[in-house]
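Subject: The model, and what turned up in it

Hi there,

Here is the model I promised to pass on. Have a look at it first, and my notes follow below.

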Amino acid sequence: MIIGSGRIIFTGLLFGIMVFMGEITLGNPGFPIYIYYFDKIPAWMWSVPVHVLGFVWIVFWNNRFIKKPVFVPVVFSITFFTACEILNLSVLKLFKYSDYPLGPMFSFFMVIFLYVILCTINSIILRFGYKGKA
């Protein structure tokens, strides 16, 4: 069984809204509380390709492990985003993690935590729909 295209489109729209909201709030130094900010390139130059590829990754693993518990594709999905964050932190340095409120490493792990939420919500909706029906 493969996840239907209607559910993928709905989840993709939700995913896009969630990412957009994160970028204009927690990724915006003009927002009262932010945990990262872009200082070398515009946010969309990194955010759009990474998140589009990340969404494709989420859909792929959810389809691949359709008969496994939902936490299996969630773990594979989180791995992708964690790898991207580590790549930025150690090599690319396209954006910085905020010193506020508890330092850059807190901000880094907060971003990872937000990806855990993003991947979990979107995997659950891909699997069970927004009404909880498979």
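To start with a question: is Phe128 buried, partly exposed or exposed? Phe128 has a relative accessibility of 35%, so it counts as partly exposed (buried means under 20% relative accessible area, exposed over 50%, partly exposed in between, with a 1.4 Å probe and protein chains only). Phe128 sits in helix α4, and its C-alpha atom is 29 Å from that of Leu26, 102 residues away along the chain.

Two notes on how to read all this. This is a predicted model, in which local features need pLDDT of at least 70 and side-chain atom pairs count only at pLDDT 80 or more, while totals for chains, interfaces and linings use all residues. Residues are numbered from 1 along each chain as its sequence is written, and side-chain values use heavy atoms, with hydrogens and water left out.

Now to the helices. Helices (H or I, at least four residues) and strands (E, at least two) are DSSP runs, numbered from the N terminus. Helix α2 (residues 43–64) packs with helix α3 (residues 71–92) at an angle of about 155°, and their axes are 8 Å apart. Axes here are lines fitted to C-alpha atoms, for helices over the stretch in contact, and angles run from 0 to 180 degrees between N-to-C directions. The two helices are therefore roughly antiparallel to each other (angles under 35 degrees count as roughly parallel, over 145 as roughly antiparallel, 65 to 115 as roughly perpendicular and the rest as oblique). From the α2 side, the residues that meet α3 include Trp46, Trp57 and Trp61, and from the α3 side they include Phe76, Phe80 and Phe81; contact means heavy atoms within 4.5 Å. By class, this contact of α2 with α3 has 12 nonpolar, 5 polar and no charged residues (Ala, Val, Leu, Ile, Met, Phe, Trp, Tyr, Cys and Pro count as nonpolar, Asp, Glu, Lys and Arg as charged, and the others, Gly among them, as polar).

Helix α2 also packs with helix α4 (residues 104–128), at an angle of about 50° and with the axes 10 Å apart. That makes α2 and α4 oblique to each other. His51, Ile58, Val59 and Asn62 of α2 make this contact with Tyr115, Cys119, Ser123, Leu126 and Arg127 of α4. The residues involved divide into 5 nonpolar, 3 polar and 1 charged.

Asn62 deserves a note of its own. With a relative accessible area of 0%, Asn62 is buried. Leaving aside residues up to four places away in sequence, Asn62 touches Ile3, Val70, Pro73, Ser123, Leu126 and Arg127.

How many salt bridges does the structure hold? There is 1 (a side-chain nitrogen of Lys or Arg within 4 Å of a carboxyl oxygen of Asp or Glu). Lys96 pairs with Asp39, and the closest N and O atoms are 3.3 Å apart. The partners are 57 residues apart, with Lys96 in strand β2 (residues 95–97) and Asp39 in the loop between β1 (36–38) and α2. Lys96 is partly exposed at 41% relative accessibility, and Asp39 is partly exposed at 37%.

Two backbone details to finish. The peptide bond from Tyr100 to Pro101 is cis, with omega near 5°, and Pro101 lies in the loop between β2 and α4. Lys93, in the loop between α3 and β2, has a phi near 50°, a positive value in a residue other than glycine.

Best wishes
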